[in-house]
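New page in the notebook.

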Amino acid sequence: MNDPQILSGMDRANTCLFTGHRSIGENARSPLYADLLRTILKLHGEGIRYFLSGGAIGFDMLAAGAVLQAKKFADDIHLVLVLPCRNQTERWLKVNSPSAVANLKAYQHLKDQADAIVYVTDLYYDGCMRDRNARMISMASRCIAYWNGSFRGGTAQTVRMAERENLPAINLWQGMPDAADHS
């Protein structure tokens, strides 16, 4: 869909971002998806209309899929992909595995279904993921995280940035069936 006009109604007060780990244990996927859907609809009831996903494998893609599902219940919910670069998936192809192909198909589906896409830069550079995270923080007033509490990695960095900006964060990590099985 990708309609840049959609962004004209977006402001920080009505926008939420997602941040989370790439690895999600198999036993956690289904309950996490259900928690995401409930949380998205709850935030919609509080005035949030725009949901930002960074398009990474794992939580970002699961969250974006939940936003698309939530749109069936509330047609004024919008999925905005905030992507680090146009060639984000280039390195995914080097894996050459069935999961890489499945991730590419899912990514393309999300891009096709997104209401809008924002690119931080055209080509990958060291730090573009961090810059993507900072861009999402600057665009949102809320944060839904899937964070194991570690102090390293992009999720931890994004949660810290959100805390510095006083963005309320909802961490869906707690209570997942096999949360301890992954990082």
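Which residues touch the most other members of the largest nonpolar core? A reminder to myself before answering: this is a predicted model.

**Entry 1, the main core.** I looked up the largest nonpolar core and found 34 residues in it. Phe-18, Leu-32, Leu-36, Ile-40, Phe-51, Phe-59 and Ile-144 touch the most other members. Then I checked where the core comes from: β1 (15–20), α1 (26–45), α2 (59–70), β3 (78–85), α3 (98–113) and β5 (142–146) each supply at least two residues. The most come from α2, which gives nine.

I picked Phe-51 and skipped its neighbours within four places in sequence. That left contacts with Cys-16, Phe-18, Ile-40, Leu-43, Val-67, Ile-77, His-78, Leu-79 and Val-80.

How do α4 and α5 cross? I found that the axes of α4 (residues 128–139) and α5 (residues 154–164) come within 10 Å and cross at roughly 30°. Angles under 35 degrees count as roughly parallel, so α4 is roughly parallel to α5. The crossing is right-handed.

On the α4 side, I listed Arg-130, Asn-133, Ala-134 and Ile-137 as making the contact.

Note on methods: Residues numbered from 1 in each chain as written. Predicted model: local features only at pLDDT ≥ 70, side-chain atom pairs only at ≥ 80, totals over all residues. Heavy atoms only, no water. Axes fitted to C-alpha atoms, helices over the stretch in contact; angles between N-to-C directions. Helix = DSSP H or I, 4+ residues; strand = E, 2+ residues; numbered from the N terminus. Parallel < 35°, antiparallel > 145°, perpendicular 65-115°, else oblique. Left-handed = near helix turned anticlockwise from the far one by under 90°. Contact = heavy atoms within 4.5 Å. Core = buried A, V, L, I, M, F, W, Y, C linked by side-chain atoms within 4.5 Å. Buried < 20%, exposed > 50% of the residue type's maximum accessible area, 1.4 Å probe, protein only.
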